[in-house]
Amino acid sequence: MSQETTETILDFGYSRRSTYIKVLKGFWRVYRSNKMGMIGLVILAAFILAAALAPYIAPYDPTEVFVGQNLLPPSWQHLFGTNEAGQDLFSQVIYGAQASLIVGFAASLIAATAGTLVGILAGYFSGLIRELLMRLTDFFIVIPSLVLMIVLASVLGAGLTSIILAIGLVGWTGTARVVMSQTLSVREHAFIEASRASGAGDFYILRSHVLPNVMPVVFANTVLVVANSILYESVLTFLGLGNPNQVTWGQILQFAFVSGAITTAWWYVIPPGLSIMLVVLAFSLTGYSLDEIFNPRVRKI
Amino acid sequence: MANVGYIVRKLSGLIVTTFFVLTFNFYLFRVLPGNPFRLLFRGAGLSADAVRSLNAQFGLDEPLWVQYIIYLKNTVSGNFGLSFQTRAPVIGLIVPALINTAILLSAASVISIVAGILIGMLAAWRRGSKFDVSASATTLVLYSMPTFWLGLVLMFVGVIYFALPVAGMRSFTGISGIFGQLQDLARHMVLPLLTLVLGLTGQYVLVMKGALLDVFTEDFMVTARAKGISNRKLLWDHGFRNAVLPMVALVALNLGLSIGGAVQTETVFSWPGMGLLIYRAILARDYPVLQGAFLVVTVTVIVANFVADMLYPLLDPRVTEQ
């Protein structure tokens, strides 16, 4: 009973559903006026839609082989042409969106969870815990990320799961740093002091007061992490750490490179690369815009 | 004179981190699922005897802690074991590769740092101008593409329109004299260098611009302007000198990122450096080479960061006082 009163008074009303919706509506009003953010969101929506509706949009099965139609330039039959095995590249690029987005989201989820945990603990507790966690974060910042991911992914065995784990386990440092600085400022607020005075434990304060207040920052940051994860997925797959039977944008480019078709078949290389670029750009624009709204002190680029 | 506490703190950090990397590297490659030889000779029907003798040869049959001691002793003395693939000592593969990467990466870094500083300064000076907006947009677009893809596109253009070589560091025939060889090397370097420079410059532009914008808000800038000194003097003597300091730390921190770019670029253009070594090791599942390359690259980056930490107080004495 006493706990509930504390929560309703001190938690900025986050726990009430109607208020929550009001906050969201207010947020959308601000976001809508951000041109860059809207461009990002529209591109993003287009790609998510393409990935979700891949079976309806793609004219062929991405693995279907058209015998005798190898490395054909774009035509009405094959919008993006065909690859060296005689497969339809348009269908491959559409289906590739699925894997690339899934890897991006899954890896970011791991990174965001790890980063939030490390950041919140390092920010809330002082002394040895903070010192150790900051050392750990610094260690991961200094190590060359791509090389570490390569080593992790190859030890875990090639495939999408390994790539997700490798990206997630390496890419959490940015989130950890942002969450830590946010926690440091939240923890100075009077309502934390009040909560502690009324007998709340560390875990309760972390879960009910600190976490809700760092969540917006985590959210904005995670969108940026997705951009990075999709980039890294394409790189790791290109370097031969993916599953050759899984169609992803990085995998298409790897086949283009290994088969030696890159110097002749531009249609093999441009669409998947452009897709990666557009999706990463879209996530970056959305993430920066969210960051600007949630974290106004962030320097505009 | 930098204070002693600062040096001790950074030095202990260097030692702890290096030791951590060594241990991490050891354990990572001992928890491999499956025996590397089985992976290596897939389908070749390796007999149990052959596996045992290979294990003994590579020290994989000892208890873990013995392996760890052997590993530390070997690593410190520069013995990274033998390549699974070629049976050659790993160190012999790493040293020439490291030199080739250093050639490519240092050239690319110098060009992109200078370009980044100049573009960043101009963007900050004319904030909000067409130049500033297009510099930011270009940076964002370049950042959004994977470096290897940028390399593939440039390779395509370079081959078709400029007949540039797209693989390796040198031609094997028809080149004579030192001048000829240097010219040949330069021609081979054009595309990988361009790829890396385009991939790296954006970071420096953003940091230089941000640092300069910060400096512009300082009181001494207002004073300098009030004194009536020229714009050029204001920008270079007051702005540049203060804004360039954060760049020193960034160059070292960015080394990790630059190496990521180099791995991709070298793979695309078959530049015989660390990146190509790593790529070939991935394809062959050549774990000793991968392990050695990871260790050398990581320790290089850690040491570079330490050197930057040591140089920084000499450039900006305020650092150690904090």
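In the predicted model, 38 residues of chain B are in contact with 33 residues of chain A, two residues being in contact if their C-beta atoms, placed from the backbone, lie within 7 Å. Helices H1 (4–30), H6 (130–144), H7 (147–162), H8 (178–216), H11 (245–269), H12 (274–284) and H13 (287–315) of chain B each supply at least two residues of the side that touches chain A. By class, this side of chain B has 28 nonpolar, 10 polar and no charged residues; Ala, Val, Leu, Ile, Met, Phe, Trp, Tyr, Cys and Pro count as nonpolar, Asp, Glu, Lys and Arg as charged, and the others, Gly among them, as polar.

Chain B itself has 14 helices and 0 strands, where helices (H or I, at least four residues) and strands (E, at least two) are DSSP runs numbered from the N terminus. Of the 322 residues in chain B, 34% are buried, that is, with 20 or more other C-beta atoms within 10 Å of their own. Among chain B contacts between residues at least 6 apart in sequence, 72% join residues at least 24 apart.

Now to the cores, each a set of buried Ala, Val, Leu, Ile, Met, Phe, Trp, Tyr and Cys residues joined through C-beta atoms within 7 Å. The largest nonpolar core has 131 residues, and those with the most contacts inside it include Met149(A), Leu236(A), Ile278(B) and Ala293(B). Helix H11 (residues 202–241) of chain A gives this core its largest share, 19 residues. Apart from it lies another core, of 17 residues, among them Met121(B) and Leu212(B).

Residues are numbered from 1 along each chain as its sequence is written, with chains lettered from A and ligands numbered from 1 in the order in which they are written. As this is a predicted model, local features need pLDDT of at least 70 and side-chain atom pairs count only at pLDDT 80 or more, while totals for chains, interfaces and linings use all residues.

Methods: Buried ≥ 20, exposed ≤ 12 C-beta atoms within 10 Å, placed from the backbone.
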